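Please read them alongside the coordinates.

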Amino acid sequence: MKIDVWHNMLWSRYKGAVLSELYALCASRGTSLRIFQIVKSEALQSKLAPVDLTFHRYPYELLFDCNLSSVPQRELMVETSRRVLSSDADLILLSGYSRPEYFAQLLIAKARGKKVGVFCDSTAYDRPHGGFKQVLKRCFFTSCDGVCCYGQRSAEYVLGYGVAEGRIFYGKGCTPPIVELSETDILARREAIRGRPPRFVYVGRFAEVKNVALLIDAFSDIRGCWPDAKL
């Protein structure tokens, strides 16, 4: 069996670790796996940190060695479509559904009789879109032979777009398991930090969908009560 996996950018470290494990698993089972990275990073990510290639322990083809904003849309469309058009893979896993080139890849792959899957990490709690975009999403998801989700909420999200349950694949999320603490443990922890200024940590992308602005507004209210609070 031959599989082509598409990923949007090389910058992501945890995706690099996931793809490395996937490559090792396929190699142990005699499955041919090719991985395409479309661009190096987004402009903001390149300012935060350089690409760390130690996370990418697998062979890959990088289409554009630059930021996404540096690549004209036409070039993106031509290069991604051309590779799907010439692919001999049995299964093609697309990196998403939000850009025109992903739709072009889907149409070409289906026209060639390929099995097609797509990665989805969206949930119903993300910023809502109505009208025509909803129709396009439904068409995209239902045209795929499988949707690989990043957890139960993503699975519920695509289920709402009419994807059959048997075509939705997901495992455990990336977050650690919840640790149940006894009331005694909780009270002991509270006592240990009593009198210290509260501290808050945000871990995530600087993207509009993450609503970091709301976090900062809320923290400014906290500072009104606890001037020594830290974020």
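1. Y14 counts as partly exposed because its relative accessibility is 45%; the class runs between buried (under 20% relative accessible area) and exposed (over 50%), with a 1.4 Å probe and protein chains only. Y14 lies in helix α1.

2. This is a predicted model: local features need pLDDT of at least 70 and side-chain atom pairs pLDDT 80 or more, while totals for chains, interfaces and linings use all residues. Numbering starts from 1 along each chain as its sequence is written, and side-chain values use heavy atoms, without hydrogens or water.

3. Together with V18 and Y150, Y14 makes a nonpolar surface patch of about 290 Å². Patch members have over 30% relative accessible area and no salt bridge, and nonpolar side chains are joined within 5 Å.

4. K15 also belongs to helix α1, which spans residues 13-28. K15 is buried but has no salt bridge, and D121, the nearest side chain of opposite charge, is 5.2 Å away; a salt bridge needs a side-chain nitrogen of Lys or Arg within 4 Å of a carboxyl oxygen of Asp or Glu.

5. Beyond neighbours within four places in sequence, K15 is in contact (heavy atoms within 4.5 Å) with H7 and Y150. Y150 is also part of the patch with Y14.

6. For the whole protein, 32% of the 231 residues count as buried. Of the contacts with a separation of 6 or more, 67% join residues 24 or more positions apart.

Definitions and conventions:
Helix = DSSP H or I, 4+ residues; strand = E, 2+ residues; numbered from the N terminus. Lys, Arg positive; Asp, Glu negative; His and termini not counted. Patch = residues over 30% accessible without salt bridge, like charges linked within 9 Å, V, L, I, M, F, W, Y side chains within 5 Å. Areas by Shrake-Rupley, 256 points an atom, 1.4 Å probe, with all protein chains shown as cover.
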